[in-house]
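Colleague: I would like to learn how to read salt bridges, helices and surface patches in a model of this kind. Could you take me through them one at a time?

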Amino acid sequence: MTAAQGLIAGGTLLSAGGLYQQGKAQDAAAQFNARQLEAQGKAEQAAKIQEAKQANREKELMLSRARAVGAASGGGQDYDLLGDIEEEGAYSELALLWQGEEARKGRNSQAAVSRFEGLNKRRASMFNVGSTLLSGGSKFLETIPQTFRDKYS
């Protein structure tokens, strides 16, 4: 093997190895990004759960006040008002819980896309490795004298 052939072979292998490592690194970055997105979705959902709990506390406080005012006035309970407070409070609480669930689902969808992209980048790098090896092999064969190729082909 001549020095030129050695350089071609070495450069081809080095380039192919670099392409493989690049695809692996891109996939690892995508997987990390996906885990971060999932964690963010969980945090957003947890925040909405806390907001829903606060909305429930506020509803209970308003109900308590309405009952106290009704009792203090001697007029009794205004059941329509109590029902409206209960309904609005429950709606607010459920809306916040829904928002949290939707935020988590959205982040999980983004995470799935990130994982898919990472896998595709890793697969593409394998095709690039194959292409580089074939191209380098072709260049290597071009350096072999024609008489030798004719004799052994």
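**Reading the contacts between helices**

Modeller: Arginine 122 counts as partly exposed, at 29% relative accessibility, where buried means under 20% relative accessible area, exposed over 50% and partly exposed in between, with a 1.4 Å probe and protein chains only. This is a predicted model, in which local features need pLDDT of at least 70 and side-chain atom pairs count only at pLDDT 80 or more, while totals for chains, interfaces and linings use all residues. Residues are numbered from 1 along each chain as its sequence is written, and side-chain values use heavy atoms, with hydrogens and water left out.

Colleague: With which residue does the side chain of arginine 122 meet in a salt bridge?

Modeller: A salt bridge is a side-chain nitrogen of Lys or Arg within 4 Å of a carboxyl oxygen of Asp or Glu. Here the partner of arginine 122 is aspartate 27, at 3.4 Å from N to O. Arginine 122 belongs to helix α2 and aspartate 27 to helix α1, so the pair ties together parts that are 95 residues apart in sequence. Aspartate 27 is buried, its relative accessible area being 10%.

Colleague: How many salt bridges does the structure hold?

Modeller: There are eight. Another of them joins glutamate 44 and arginine 107, at 2.9 Å from N to O, and that pair links helix α1 with helix α2 across 63 residues. Lysine 59 forms a salt bridge with glutamate 86, their closest N and O atoms being 3.0 Å apart. Since lysine 59 lies in helix α1 and glutamate 86 in helix α2, this pair ties together parts that are 27 residues apart in sequence. Salt bridges with shared partners join Lys59, Glu60 and Glu86 into one network.

Colleague: Which residues make the nonpolar surface patch?

Modeller: Patches are made of residues with over 30% relative accessible area and no salt bridge, like charges being joined within 9 Å and nonpolar side chains (Val, Leu, Ile, Met, Phe, Trp, Tyr) within 5 Å. Ile49, Leu94 and Leu97 make the nonpolar patch, of about 250 Å². Isoleucine 49 is partly exposed, at 33% relative accessibility.

Note on methods:
Accessible areas come from the Shrake-Rupley method with a 1.4 Å probe; for residues, only the protein chains shown count as cover. Helices (H or I, at least four residues) and strands (E, at least two) are DSSP runs, numbered from the N terminus.
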